[in-house]
Amino acid sequence: MNRNRMNKKRMGRARVLSRAAAGMLAAALCFQPMTALAGPAGDSSLTSSSSNAGPGGGSGSSNSGSTGSSGGSTSVSNGGVSAVTSGLGVYRVTENEGIGAIARGVDVSYWQQNVNWSQVASDNVQVLKKKALPDNVQFAMLATRFRGNVDPFFAMNAANASQAGLRLGAYIYSYATSVEMAQQEADFVLNLIKDYPISFPVVFDAEDANTLGTLTQSQVSDVINAFCKRIQDAGYYPMVYANEYWIANKIDMSKISYDIWVAKYQQKYTYSKTSMWQASNTGSVKGVNGNVDIDYLYKDYTQIIPGNTWRTIAGNRYYYQNHVMQKSAWINDGQNWYYMNAAGNP
């Protein structure tokens with residue numbers, strides 16, 4: 001073998017060894033031990049009635065949170081998904097309905113159909129009982145289920161609302177009558193929302209009289225806690241939606257430690273630990289055809305819910321940066337580097 005061939009062969013071996021070393025280094029980096037961080041327009045839809053029930057169409061009838069990320073640019077994207085990362089804007093209250101609130105939002109479901117989220121985000125006058133309330137809508141709570149299946153408008157609402165600059169939360173109108181069913185509902189929600197920039201709470205809607213409502217107060221609380229714990233263990237921020245009748249008569253509130261989203265219309269809520277208030281199911285907002293639920297916020301989740309965090313869903317680990325799942329990218333969680341594959345796994 002001549003010297004040139006020998007040199008080329010040595011160089012080839014060196015390249016192979018170099019690639020192998022790089023591969024071992026990447027593997028070592030990727031597999032460092034990780035520490036996990038830790039109603040509304042309802043699915044009253046088992047009937048064909050279009051009357052509101054729960055968030056997003058309600059019939060009116062302290063959580064774990066790591067330090068949130070509120071600074072930075074107003075939105076970030078990865079793979080076409082965007083999220084709002086700035087803090088809440090100033091909410092100027094001029095009427096009694098909004099006194100004490102720090103932001104105004106909406107909750108929607110199948111019943112609102114095609115929402116123009118750009119118009120919703122620019123809506124700065126909402127009329128309630130013929131009174132104008134200033135300031136833009138800043139968040140949207142989205143229904144996840146309709147007639148037992150994924151709400152057909154969830155993906156569109158999540159993508160378009162986040163692109164329009166709104167912070168996103170999600171909820172499920174529950175039919176659970178056992179702890180196991182509540183956990184299954186939580187798994188359903190987690191599997192759906194994981195690919196979207198959820199930066200507000202994930203909510204259990206407690207109001208269905210024919211299922212959850214047949215249980216004792218203690219049993220209802222057990223079902224609620226089972227759902228919320230599953231959501232919290234995954235790395236999201238759980239919340240409970242209920243009207244004041246349910247709070248007073250159907251739920252053993254002494255067993256509930258999660259934030260409460262209260263529904264009460266015509267007059268202000270009286271429940272003392274309210275974090276969010278659904279004040280109307282007949283509100284009017286630009287970009288939404290017909291009535292829409294109006295919500296007032298009293299707790300700043302942009303300061304509580306972390307934008308950068310690990311989550312565990314169905315046994316799989318994902319890393320979220322500025323609320324967006326990272327895919328086909330290197331990430332640093334503050335301790336180690338990991339490569340996240342196309343499915344978002346390290």
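Predicted model: local features only at pLDDT ≥ 70, side-chain atom pairs only at ≥ 80, totals over all residues.

Tutor: Residues are numbered from 1 along each chain as its sequence is written, and side-chain values use heavy atoms, leaving out hydrogens and water.

Student: What distance separates the end C-alpha atoms of helix α5?

Tutor: Helices here are DSSP runs of H or I, at least four residues, and strands are runs of E, at least two, numbered from the N terminus. Helix α5 covers residues 217-234, which is 18 residues. The expected span is 1.5 Å times one less than the number of residues. That gives 26 Å for α5, and the end C-alpha atoms agree, at 26 Å.

Student: Is Asn157 buried or exposed?

Tutor: Buried means under 20% relative accessible area, exposed over 50%, and partly exposed in between (1.4 Å probe, protein chains only). Asn157 lies in helix α3, residues 154-163. Its relative accessible area is 3%, so Asn157 is buried.

Student: Which side chain does the side chain of Asn157 join in a polar contact?

Tutor: A polar contact is a pair of N or O atoms within 3.5 Å; within protein, one must be able to donate a hydrogen and the other to accept it, and residues adjacent in sequence count only if both atoms are side-chain atoms. For Asn157 the distance is 3.0 Å, and the partner is Trp117.

Student: Which residue forms a salt bridge with Arg230?

Tutor: A salt bridge is a side-chain nitrogen of Lys or Arg within 4 Å of a carboxyl oxygen of Asp or Glu. For Arg230, the closest N and O atoms are 3.0 Å apart, and the partner is Asp187. The pair links helix α5 with helix α4, 43 residues apart, through Arg230 and Asp187.

Student: How many residues apart in sequence are the parts tied together by Lys327 and Asp195?

Tutor: These side chains meet in a salt bridge of 3.2 Å, N to O. Lys327 lies in the loop between β17 and β18, and Asp195 in the loop between α4 and β10, so the pair ties together parts that are 132 residues apart.

Student: Where does Lys255, the partner of Asp222, lie?

Tutor: Asp222 forms a salt bridge with Lys255, at 2.7 Å between the closest N and O atoms. Asp222 is in helix α5, while Lys255 is in the loop between α6 and β12.
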